[in-house]
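Please look over the sequence and the 3D structure shown here before reading on. The explanation after it goes through the structure step by step.

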Amino acid sequence: MSLADAAPDSFDRRDLLRVFGLIVLVNLLGGLPAVLGGPDSAWFDALVKPAIYPPTWAFGVVWTLLFTLLGVAVFLIAREGVGDRRVRVALGLFALQFVFNIAWTPTFFTFQLPLVALGVIAVLAVLLVPTIWAFDRVDRRAAALLVPYLAWVLFATLLNYRFVVLN
């Protein structure tokens, strides 16, 4: 066995497939609600947009990047083994917050409930704090990968709030 094989951060071909699979899975699960009912509706077009509303193309770019970071973060945590209680807690919190992430899009766009969506995204933002903390207890790099996600969710919370105020 070489020194590289013994290193805890070693990376082999199977790891590459696992991380790629998690990146694809997180992107598919995270992006599916937008495909089923996103901002391409007469209802959304009629809403007054906040001054801080980014160009529409930015959402796809940002979410793809963030979901990719999330997939890598989940890989870093999961590779530590689900036998470790810290890993189970971190992954459980990740799954819980991700449910709220997935729920936001249909709540806002399909059901056209911006105020309820504001509650959903506020819960998501709150859940991200203990998720990052739990990730940090397992792998600091994985926790760091969630920080841009938290920043974007906080921005999206403000954006959602502005939609509620303006409409």
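The paragraphs below go from the overall build to helix packing, then to salt bridges and a surface patch.

The model is predicted. Its chain has 7 helices and 0 strands, so the elements read α-α-α-α-α-α-α when followed from the N terminus. Taken along the principal axes, the C-alpha atoms fill a box of roughly 65 × 25 × 25 Å. The chain has 167 residues, and 37% of them are buried.

Two pairs of helices show how elements of the chain are set against each other. Helix α4 covers residues 56-78, and α5 covers residues 85-110. The axes of α4 and α5 are 10 Å apart, and the two helices pack at an angle of about 160°. An angle over 145 degrees counts as roughly antiparallel, and α4 and α5 are therefore roughly antiparallel to each other. Their crossing is left-handed.

Helix α5 also pairs with α7, which spans residues 140-166. Here the axes come within 13 Å and cross at roughly 30°. Angles under 35 degrees count as roughly parallel, so α5 and α7 are roughly parallel to each other. The crossing of α5 and α7 is left-handed.

Next come the charged side chains. How many salt bridges does a search of the whole structure find? The search finds 6. One of the salt bridges is formed by the side chains of Arg14 and Asp12, with a distance of 3.0 Å from N to O. Arg14 has a relative accessible area of 52% and is exposed, because the cut-off for exposed is over 50%. Asp12, with 32% relative accessibility, counts as partly exposed.

Another salt bridge links Asp15 with Arg18, and the closest N and O atoms of this pair are 3.3 Å apart. Both residues belong to helix α2, which runs over residues 13-36. Asp15 and Arg18 are 3 residues apart in α2, about one turn of the helix. Is Asp15 buried or exposed? Its relative accessibility is 10%, and Asp15 therefore counts as buried, the limit being under 20%. Arg18, at 45% relative accessibility, counts as partly exposed.

A further salt bridge joins the side chains of Asp84 and Arg86, at 2.7 Å from N to O. Both partners are partly exposed: Asp84 has a relative accessibility of 22%, and Arg86 has a relative accessible area of 32%. Elsewhere, salt bridges that share partners connect Asp15, Arg18 and Arg79 into one network.

Val48 sits in the loop between α3, residues 42-46, and α4, residues 56-78. With a relative accessibility of 42%, Val48 counts as partly exposed.

Technical notes. Residues numbered from 1 in each chain as written. Predicted model: local features only at pLDDT ≥ 70, side-chain atom pairs only at ≥ 80, totals over all residues. Heavy atoms only, no water. Helix = DSSP H or I, 4+ residues; strand = E, 2+ residues; numbered from the N terminus. Buried < 20%, exposed > 50% of the residue type's maximum accessible area, 1.4 Å probe, protein only. Axes fitted to C-alpha atoms, helices over the stretch in contact; angles between N-to-C directions. Parallel < 35°, antiparallel > 145°, perpendicular 65-115°, else oblique. Left-handed = near helix turned anticlockwise from the far one by under 90°. Salt bridge = Lys/Arg side-chain N within 4 Å of Asp/Glu carboxyl O.
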